[in-house]
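I opened a new page for this one and wanted to look up a helix and some ring pairs. Here is what I had on screen.

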Amino acid sequence: MSTCVELNRLQFSWPGAQSPLLSIPSLTVTRGERVLLRGASGSGKSTLLGLIAGIHTSGPGQVQVLGQDLANLSQHRRDRLRANEIGYIFQQFNLLPYLSASANVTLACQFAPARRERLQQHDIDQQAAMLLTRLGLTPEQQQQPAHQLSVGQQQRVAAARALLGSPALIIADEPTSALDQAHRDDFIKLLFEACDAQQTTLLFVTHDATLAPLFPRSIELSEINEAGAANV
């Protein structure tokens, strides 16, 4: 199978830091995988996500996403790659509160021409409705303003927004931290089904070790990050 994310001798330090936050000899995530990355607070999880998403930069050859060396791309090209090929589910969801659930989802394609192109033979609103329905929102809920939805419903809207247009990679950053176990497990099951339907790679990041049995592959950041012990 082809590679989605590849890290090679990754080193990252914040300016002025006396030691690196991240020192990862290697990590490969193949396309279509469902991977849990677990780490404690302060271990560098969010920084690593920023490197994979092209928000932060490292040295040449250290971070490759979908076959592209991010260090060799301009900021504009990294932004375009992220918009077109990486769907992000944030811990706080980052929905626009007075837009409907449906409108929040379709926003994902306004700044992502490749995602729009993949939907060109279909109505974007209909595709958004199909995703929201698959993730458990009724037609009535899809038209409600986001601030009127429950936390679990907002979470599903955020997932649908990330999935619309079939990006190659979904990054989920602690998206279940506000849910009880039953709703958490249901959401992960729905997310797996949606990713499988689109052949989308899932990188799910959390501090919660109890999620590991739900994933085919689980990685402890402390076990791959040689700098980790000094930063936790």
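**Entry 1, helix H7.** I kept in mind that this is a predicted model. I looked up H7 first, which covers residues 151-163. Its 13 residues reach 19 Å from first C-alpha to last, close to the 18 Å expected.

Among the buried ones I noted Gly-152, Arg-156, Arg-161 and Leu-163. I then checked what the buried residues pack against: strands S6 and S7, plus helices H3, H4, H5 and H8. After H7 comes Gly-165, and its phi is positive, near 85 degrees.

In one of them, the ring centres of Phe-12 and Trp-14 sit 4.9 Å apart with planes at 90 degrees, so I wrote it down as edge-to-face. Phe-12 is buried at 8% relative accessible area, while Trp-14 is partly exposed at 38%.

I traced Phe-192 to helix H8 and Phe-215 to the loop between strands S8 and S9, 23 residues apart. Both are buried: Phe-192 has a relative accessible area of 10%, and Phe-215 has 7%. Together with Phe-204 they form one aromatic cluster.

Last, I saw Arg-34 over the face of Phe-192, 4.3 Å from the ring centre.

Definitions and conventions: Residues are numbered from 1 along each chain as its sequence is written. This is a predicted model: local features need pLDDT of at least 70, side-chain atom pairs count only at pLDDT 80 or more; totals for chains, interfaces and linings use all residues. Side-chain values use heavy atoms; hydrogens and water are left out. Helices (H or I, at least four residues) and strands (E, at least two) are DSSP runs, numbered from the N terminus. The expected span of a helix is 1.5 Å times one less than its number of residues. Buried means under 20% relative accessible area, exposed over 50%, partly exposed in between (1.4 Å probe, protein chains only). Contact means heavy atoms within 4.5 Å. Rings of Phe, Tyr and Trp (its six-membered ring) pair if their centres lie within 6.5 Å; planes under 30 degrees apart count as stacked, over 60 as edge-to-face and the rest as tilted. A charge sits over a ring if NZ of Lys or CZ of Arg is within 6 Å of the ring centre and within 35 degrees of the ring normal.
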